[in-house]
Amino acid sequence: MTIFLILAPYGVYTFLMFMTSATVSVFAGSAICLVTIAIDVARGRSVKILAAGSAILFAGLGLYLALRAPALSPLGVKLSVDIGIFVISLGSMLARRPFTLQYAIESVPAETAAMPGFLTANYIITGAWTIAALLMMAANIVLLYFPGLPVWSGLAVAFAARNSAIYFTKWYPEYRQIKYGAPDGALPEAR
């Protein structure tokens, strides 16, 4: 369920990009981010770096598109979103607060969160998401400079990068549990 809430704004935004204007798509993405923030607050959880950063990213991009007319092509909007996600992800690591840490702390016992490898594992998982965002950026840049390439190739890269990051997020805690012998239920699970 958690992974669904995390990815919902991006799924809605991507789906709407095929159905309506980029402006409507990014504002819808921002609205979904705000809903996920409200759900976290209602459940007594912290406001997440990724959700808040994405809400600001989508809203800022939507305002830019609304005020400057649709100055960006749909591909330019996609590239802008990918750059924003990359900056949020990398920035969270540079600020020594990998964005996955907030989700992980809320899903494991306190003694697990205090384990020496817990922070390192979250840096590695956040790094996987950062690489996925970088790959999606690269695919969009290639499509911008080589417009003759089929659009589905960029979608295929995005799909593969995102799904690889999801798989890694689920697999890596299990791998660490087996390798380092953490107690059952001690490492976070992507839901």
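How many aromatic pairs does the structure hold? There are seven, counting rings of Phe, Tyr and Trp (its six-membered ring) with centres within 6.5 Å. Planes under 30 degrees apart make a pair stacked, over 60 edge-to-face, and the rest tilted.

Take Tyr13 and Phe58: this pair is tilted, at 5.3 Å centre to centre with 45° between the planes.

Now look at Trp171 and Tyr175. Their ring centres lie 4.9 Å apart with planes at 20°, so this pair is stacked. They sit four residues apart in helix α8 (residues 151–180), which puts about one helical turn between them. Trp171 is partly exposed at 33%, and so is Tyr175 at 31%. Ring pairs tie both into a cluster with Phe168 and Tyr172.

Stepping back, the protein chain has eight helices and zero strands, where helices (H or I, at least four residues) and strands (E, at least two) are DSSP runs numbered from the N terminus. Of its 191 residues, 43% count as buried.

A word on the ground rules. This is a predicted model, where local features need pLDDT of at least 70 and side-chain atom pairs pLDDT 80 or more, while totals for chains, interfaces and linings use all residues. Residues are numbered from 1 along each chain as its sequence is written, and side-chain values use heavy atoms, leaving out hydrogens and water.

Notes. Buried means under 20% relative accessible area, exposed over 50%, partly exposed in between (1.4 Å probe, protein chains only).
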